[in-house]
Amino acid sequence: MNILVLHGPNLNLLGLREPEIYGSTTLAEVDAMVKEMAESLGCRADCIQSNHEGNLLDEIHAARGQYQGILINAGAYTHTSLALRDGLAGVGLPVVEVHLSNLYKREPFRHHSYIAPIALGQISGFGAESYTLGLRALVQHLICVNASG
Ligand code: CA2
């Protein structure tokens with residue numbers, strides 16, 4: 001089972017700036033945590049970060065036939081991008097949305113997600129652990145779906 005993990009804009013700065021909001025774990029460390037969790041669940045995770053909406057969309061399209069599910073932190077595109085939502089819905093793969101910070105404790109403009117309505121679910125507020133929790137939820141879902149034929 002292969003899972004595509006997508007990180008959106010500015011997440012390459014993780015651990016380097018604003019640790020009070022996003023924590024001190026770097027993106028490379030998040031990716032290592034996710035890959036280790038994937039391995040322990042008997043699957044593989046490929047992690048990609050981009051600051052460009054079109055690149056993220058291209059990766060979503062290319063995921064068809066290569067991956068069984070997508071774990072995404074779309075960063076600020078969460079709140080703006082109908083294109084990412086349509087792309088995710090279009091490829092039809094199960095999606096779990098994750099966020100480091102708790103969106104609902106923050107500014108009102110972060111309370112709306114274009115992705116949430118087409119996702120299996122959203123995990124928000126657990127720092128880097130949001131990714132591992134989200135991965136476990138996605139893999140568990142895929143195992144259940146496969147078992148029920
Ligand atoms: O909490 C999250 O994971 C967010 O997706 C992070 C986005 C933000 O726009 C969303 O509302 C919530 C921002 C990512 C920026 O990451 C930085 C990390 C370190 C320093 C500066 C930005």
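## The ligand site

The ligand takes up the space of the largest pocket, where a pocket is an open set of points, on a 1 Å grid over the protein atoms alone, with protein on both sides within 12 Å along at least five of seven lines, and where a molecule sits in a pocket if more than half of its atoms lie within 2 Å of its grid points. This is a predicted model, in which local features need pLDDT of at least 70 and side-chain atom pairs count only at pLDDT 80 or more, while totals for chains, interfaces and linings use all residues. Residues are numbered from 1 along each chain as its sequence is written, and side-chain values use heavy atoms, with hydrogens and water left out.

Around the ligand there are 17 residues, of which Asn73, His79, His99, Leu100 and Ser101 come nearest; a residue is near a molecule if one of its heavy atoms lies within 4 Å of it. By class, this shell holds eight nonpolar residues (Ala, Val, Leu, Ile, Met, Phe, Trp, Tyr, Cys and Pro), three charged ones (Asp, Glu, Lys and Arg) and six polar ones (the others, Gly among them).

## Polar contacts and cover of the ligand

Of the 500 Å² of accessible area that the ligand has on its own, the protein covers 94%, as computed by the Shrake-Rupley method with a 1.4 Å probe.

Ser50 lies in the loop between strand S2 (44-49) and H3, strands being DSSP runs (E) of at least two residues and helices runs (H or I) of at least four, numbered from the N terminus. Ser50 counts as buried because its relative accessible area is 8%, buried meaning under 20%, exposed over 50% and partly exposed in between (1.4 Å probe, protein chains only). A polar contact (a pair of N or O atoms within 3.5 Å, one able to donate a hydrogen and the other to accept it within protein, with residues adjacent in sequence counting only if both atoms are side-chain atoms) of 3.3 Å joins the side chains of Ser50 and Asn55.

Glu53 is placed in helix H3 (residues 53-62) and is partly exposed because its relative accessibility is 27%. Ser130, in helix H5 (residues 129-147), is buried, with a relative accessible area of 0%, and its side chain reaches the backbone nitrogen of Phe126 at 3.0 Å.

Notes: 1 Å grid on protein atoms, 1.4 Å probe; cavity = no way out; pocket = protein on both sides within 12 Å on 5 of 7 lines; lining within 4 Å.
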